[in-house]
Structure formats: structure tokens, C-alpha cells
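Subject: Structure for your review

Dear colleague,

Please find the structure below, handed over together with the notes that I made while going through it. I would be grateful if you read the two side by side.

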Amino acid sequence: MTELANRRPAMRKMILAAIALSFPALAFADAATDAVKARQDNMDARAAQVEILAKMAKGEIEYESAAAQEAAEKLVEVFSVDMSGFWLPGTSSEDMPGVSYAKPALWENGEKVGEIGKQAYMAAQDLVQLAGSSKEEMMAGLGAVGNACQDCHKIAQARKN
């Protein structure tokens, strides 16, 4: 038997070991990408409802109490999703450039960001009470939601290029 033939079983074991050791990294990459995608999908769903209400507020579309009420209720529904598993360490804009737009400051200020999130959720709940009443009341409620969203984005969202 040649020397190469003698090394084949050892090489196979090394290759298999290297592959096996890479699985956790691959699993994390998939989990990280999935977490970023899930939080971006949630934020997009929030933005879609806010956009409906904002267009009504600006007069771009006619204010309709039923449609405003529905958008506000959907907004609360989206805010109600437990996002705790979406903010994995290692998924910041620095860790995943071009994929994630969450600033590292989000993890450094997690308690403050969580508090702002609660304020946004409460403002969305208040909006449900106001949205179907009148355009003016809907606008006031929407303003509170928008302010909370902006406060969070200032701390936690990197600009998309």
C-alpha cells in the first residue's frame, strides 16, 4: 500500500471532523439570518399599517373610520408579536453589514429600547381607541406612535444605504 493510501482514512476523519465542527457555525448563520428577516418583516408590517394611517392624515387618501380602525388594530396585533428571539447577539449592522440595520447600541441600551417599545405598544393601543373616531383624533394617536418609533430608531436603527 502506498503512503497516500495509508493516509486516506485519517484524512477522511479530519475532513468529516471539520465538516461536523462547521455545522454549529452554519446553524448560527441560518438562525441569525432568520432572526434578522423576522424582525425586518415585523417592522415592515408595522410600517404598512402606519403608512395607511399617515396617508389618511396627509390627505393622500380619504379618511375612512373603518379603514383607520382596522389599520390601528392590525398595528397593535403586529406590536403584540413576541420579538425577543429576533434580537440575537451577533446580528447588528456591524456583524451583518447590508443585511441587518440594527445598531450595536441596541444591545448596549436594551433596557431603554425595551421601554420605548412598551411606549410604542401603549400608544398603538391608544390609537385603536382614537382611529375610528375622527381624522383629528386618529392623527393625534398616530403622532404618539410615530414619536415612539422615532425615539427607538434614533438609538437602534442604522441608515440603509
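Ser134 counts as buried because its relative accessibility is 18%, where buried means under 20% relative accessible area, exposed over 50%, and partly exposed in between, with a 1.4 Å probe and protein chains only. This serine sits in the loop between H4 and H5, the helices here being DSSP runs of H or I with at least four residues and the strands runs of E with at least two, numbered from the N terminus. A polar atom of the Ser134 side chain lies 3.1 Å from the backbone nitrogen of Glu137; for a polar contact the requirement is a pair of N or O atoms within 3.5 Å, in which, within protein, one must be able to donate a hydrogen and the other to accept it, while residues adjacent in sequence count only if both atoms are side-chain atoms.

Before going further, please keep in mind that this is a predicted model, in which local features need pLDDT of at least 70 and side-chain atom pairs count only at pLDDT 80 or more, whereas totals for chains, interfaces and linings use all residues. Residues are numbered from 1 along each chain as its sequence is written, and side-chain values use heavy atoms, with hydrogens and water left out.

As to the overall fold, the secondary structure comes to five helices and zero strands, which read along the sequence as α-α-α-α-α. Of the 161 residues in the protein, 29% are buried. The protein exposes about 10300 Å², of which carbon and sulfur atoms supply 57%; the areas come from the Shrake-Rupley method with a 1.4 Å probe, and for residues only the protein chains shown count as cover. Among contacts (heavy atoms within 4.5 Å) with a separation of 6 or more, 71% are between residues 24 or more positions apart.

Not counting residues up to four places away in sequence, Met138 touches Leu53, Met56, Ala57, Tyr63, Ala68, Leu127, Leu130 and Ala131.

Asn42, placed in helix H1, counts as buried because its relative accessibility is 6%, and, leaving aside neighbours within four places in sequence, Asn42 is in contact with Val78, Val81, Met83 and Phe86. Ala38 is also found in helix H1 and counts as partly exposed at 24% relative accessibility; its C-alpha atom is separated by 9.2 Å from that of Gly85, 47 residues apart along the chain. Ile52, which lies in helix H1 too, is partly exposed with a relative accessible area of 32%, and, with neighbours within four places again left aside, Ile52 is in contact with Ile61 and Ala71.

A search of the whole structure finds one aromatic pair, where rings of Phe, Tyr and Trp (its six-membered ring) pair if their centres lie within 6.5 Å, and planes under 30 degrees apart count as stacked, over 60 as edge-to-face and the rest as tilted. The rings of Trp87 and Trp107 have their centres 6.5 Å apart and their planes at 70°, so this pair is edge-to-face. Because Trp87 lies in the loop between H2 and helix H3 (105–108) and Trp107 in helix H3, the pair ties together parts that are 20 residues apart in sequence. Trp87 is partly exposed at 25% relative accessibility, and Trp107 is partly exposed with a relative accessible area of 29%.

Lastly, the cysteines: the count comes to zero disulfides, a disulfide being a pair of cysteine sulfur atoms within 2.5 Å. The sulfur of Cys149 has its closest cysteine sulfur in Cys152, and the 7.8 Å between them is too far for a bond. Cys149 counts as partly exposed at 25% relative accessibility, whereas Cys152 counts as buried at 18%.
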